[in-house]
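User: I am new to this structure and would like a close look at a single part of it. Please take me through that part step by step, and then out to what surrounds it.

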Amino acid sequence: TLLWLFKFLCVCFVIFSALDIDRWNLECEFNNRDHRTDLNGVDRLIVRRGQPFTVSLYLRSGLYQPGVNALDCIAETGPQPSEQYGTRASFGLSANIDTSRWSAAVTSPPGNMVALSICSAPDAPIGRYTLTLGQSARIEFILLFNPWCPGDAVYMDNEQSLAEYVLSQDGIIFRGSYKYPIPTPWNFGQFENGILDICLRILDMNPKCLKNPGKDCSGRRNPIYVSRVLSAMVNCNDDKGVLLGRWTDDYDGGVSPMFWRGSVEILRNWETQACQPVRYGQCWVFAAVACSVSRALGIPCRVVTNYLSAHDTNSNLTIERYIDENGDLIKSREMIWNYHCWVESWMTRPDLKPDFNGWQASDPTPQEKSEGVYCCGPIPLRAIKEGELIFKYDAPFVFAEVNADIITFMKKKDGSTSTVTNNTIVGQKISTKSVGSDAREDITHLYKFPEGSDEEREAFKRANHQNKLLKQQQNQGLHLTIKVTADMRKGCDFDVFAVVTNNTQSEKKCRLVFGSCALSYNGFMGANCGFKDLLNVELQPGGERRVPLRLNYSKYGDNLTEDNLIRLAALLLDYSTGEATLAVRNIVLENPEIKIRILGEPKENRKLAAELTLKNPLPEPLENCCFSIEGANLTGGHVISESVLMSDSVLGPGEDAKVKVYFTPTHSGLRKLVVDFDSTKLCHVKGYRNVIIGK
């Protein structure tokens, strides 16, 4: 009897283990479309965690019998798979799929074809996987974060937001100034050919992976860890990161950051150059590339712009600036950037107190080190708003970027100093692209309470920082502002005005120094663009004086940086009291409009033509004129360049540059055509047009 029972158990074991798989079909077209990864292509399996996918198994012999046959499944990722690290999972067949863990279930009736439904755990590490089925089947796939899955840490319960922050391949980045935000088009291109592989290679090249690949791959289950790695790897300061930053006019060995129209070319250059850094980037480029990689991996992400952004080097939440007696800034490491861009990623924060889930700020631009590495974040926006600076990661630095006080001192020739101004202009019009449109959404309220409110005061107390309201100076009786005209176009001459008002009951005699200089967006000042020094400005009680300063193109034209920024500064010295008042304003000169006309009806996989036109706004000729265009699923991830053929190769003042370009859309839907114009005197003029591609 015992011998017979032993033989019966052996037969059962053979039956359970004898599912003889001949071949399989990964059903990539169906699965990728179901998992919203089909824009990556359907030639391989790319799925999102916590969501079932189907594999068709064809048996060499025998039939699958429910409750009789068994199938051992092993999912592995990384070079050193380990159940301890969560990079290896073993599981068998169950009656139904369990979306809370790795599981598998047969969904087809008995037969020689088995429809196998497989689901990964919603907290499984992302990356490349090998799935072993039984003794003979070994399949490969890529697993991504799943913001559509309630069990995933990046879950976002809004279809419109998901379409914008995960699936949209183009967008708008705001530059310019807080008085004049300029929308700049950008091609994120996260689904273009080869980009996902490059994003996974970025993770593999990070120092933590090179040092301990098993532990690093395990960390990829956590979007907090992944976003921090990306913050470090998008810049190359400590590693084989993607971009090298440069904030001077010398771009030898590379190209100006203004050259880039999208992330695709940058990421491909990094990959083809054996992971050598691409030259060069500045904040909006770093942020845009980080956004592309985050969306490619499945993390909802957006680029934000903070106008008048503080760079606090000594962590005292105050920016100390010094000027000389002419109102010129004395160089300092602490700067006020005209604008600064970073990214926000959507995720839960189980490592912090409750209610700090949602948007988290990360900054891939290398400014200050965090835990010994040039990275920043992620830190919850709510922590910044409420002054909770003890939370991970880098809360004091981000808090200062949007909230720091500015104290300006005047350093006199005798070495003494005096306070000139104390203001709270930092953190203006924090902006991002609106969901579903190109309009600007102001999200300042997510970072800070209204200036002067009780909540703001409490936030500063919580931040262990003296209340800025107590530092505000009382009106000294003299008021100084800078006014500008509406029409400030590059190539034109125009006036700006210093307006002085005497609010006292006595006559005032003052000195007014009114100057201008070229400015880079990060606060570095260039050459003089116009200057005026009036030694005897007389003001009657209650009187006002409007002092013009003429800015001539012949003076400022050769001094402008690619940012088209000019800093205006007026310094008023009251002879009777010796007190000084400073007013500063940055202006952006408007570039000409690129007119884009689509010729014909846009259809998928059919050649399309666009006519591009730009008028030379400068009082001098342009040479070497060239249009460049790019667009996700429009130009195949490549840049189309078209030189402008002109008589004598010169485009005279007021003349039109015009070209016709051809491209073939590969997918239907709303697409953004990004256009760039370059010439010897007018560089990196950007424009865009939304194009609806039909099937």
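Where is aspartate 363 found?

Analyst: Aspartate 363 is found in the loop between β18 (358-362) and β19 (379-380), where strands (E, at least two residues) and helices (H or I, at least four) are DSSP runs numbered from the N terminus. Before going further, please note that this is a predicted model, in which local features need pLDDT of at least 70 and side-chain atom pairs count only at pLDDT 80 or more, while totals for chains, interfaces and linings use all residues. Residues are numbered from 1 along each chain as its sequence is written, and side-chain values use heavy atoms, with hydrogens and water left out.

Aspartate 363 is buried, with a relative accessible area of 1%; buried means under 20% relative accessible area, exposed over 50%, and partly exposed in between, using a 1.4 Å probe and protein chains only. Not counting residues up to four places away in sequence, aspartate 363 touches Ser231, His340, Cys341, Trp342, Cys375, Cys376 and Glu401, contact being defined as heavy atoms within 4.5 Å. With one of these, histidine 340, the side chain of aspartate 363 makes a polar contact of 2.7 Å. A polar contact is a pair of N or O atoms within 3.5 Å; within protein, one must be able to donate a hydrogen and the other to accept it, and residues adjacent in sequence count only if both atoms are side-chain atoms.

Histidine 340 itself is found in strand β17 (residues 335-347), and at 0% relative accessibility histidine 340 counts as buried. Leaving out residues up to four places away in sequence, the residues that histidine 340 touches include Cys283, Asp363 and Glu401, together with Val304, Thr305 and Asn306.

The UniProt record, in an unreviewed entry, lists Cys283, His340 and Asp363 for "active site"; its positions are given in the numbering used here, feature names are shortened, and annotations may be inferred rather than shown by experiment. Although these residues are spread over 81 residues of sequence, they cluster in space, the largest C-alpha distance being 9.7 Å.

Taking a disulfide as a pair of cysteine sulfur atoms within 2.5 Å, the count comes to zero. Cysteine 376 is in no disulfide, and the nearest cysteine sulfur, that of cysteine 375, is 7.4 Å away; cysteine 376 counts as buried, at 6% relative accessibility. Cysteine 199 is likewise in no disulfide, with the nearest cysteine sulfur, that of cysteine 291, 11 Å away, and cysteine 199 is buried with a relative accessible area of 0%.

Turning to the aromatic residues, the structure holds 21 aromatic pairs. Rings of Phe, Tyr and Trp (its six-membered ring) pair if their centres lie within 6.5 Å, with planes under 30 degrees apart counted as stacked, over 60 as edge-to-face and the rest as tilted. Tryptophan 102 and tyrosine 129 form a tilted pair, 5.5 Å centre to centre with 45° between the planes. Because tryptophan 102 lies in the loop between β5 (88-91) and β6 (103-106) and tyrosine 129 in strand β8 (residues 127-133), the pair ties together parts that are 27 residues apart in sequence. Both tryptophan 102 and tyrosine 129 are buried. Elsewhere, Trp247, Trp284, Phe286, Tyr307, Trp337, Tyr339 and Tyr521 form one aromatic cluster.
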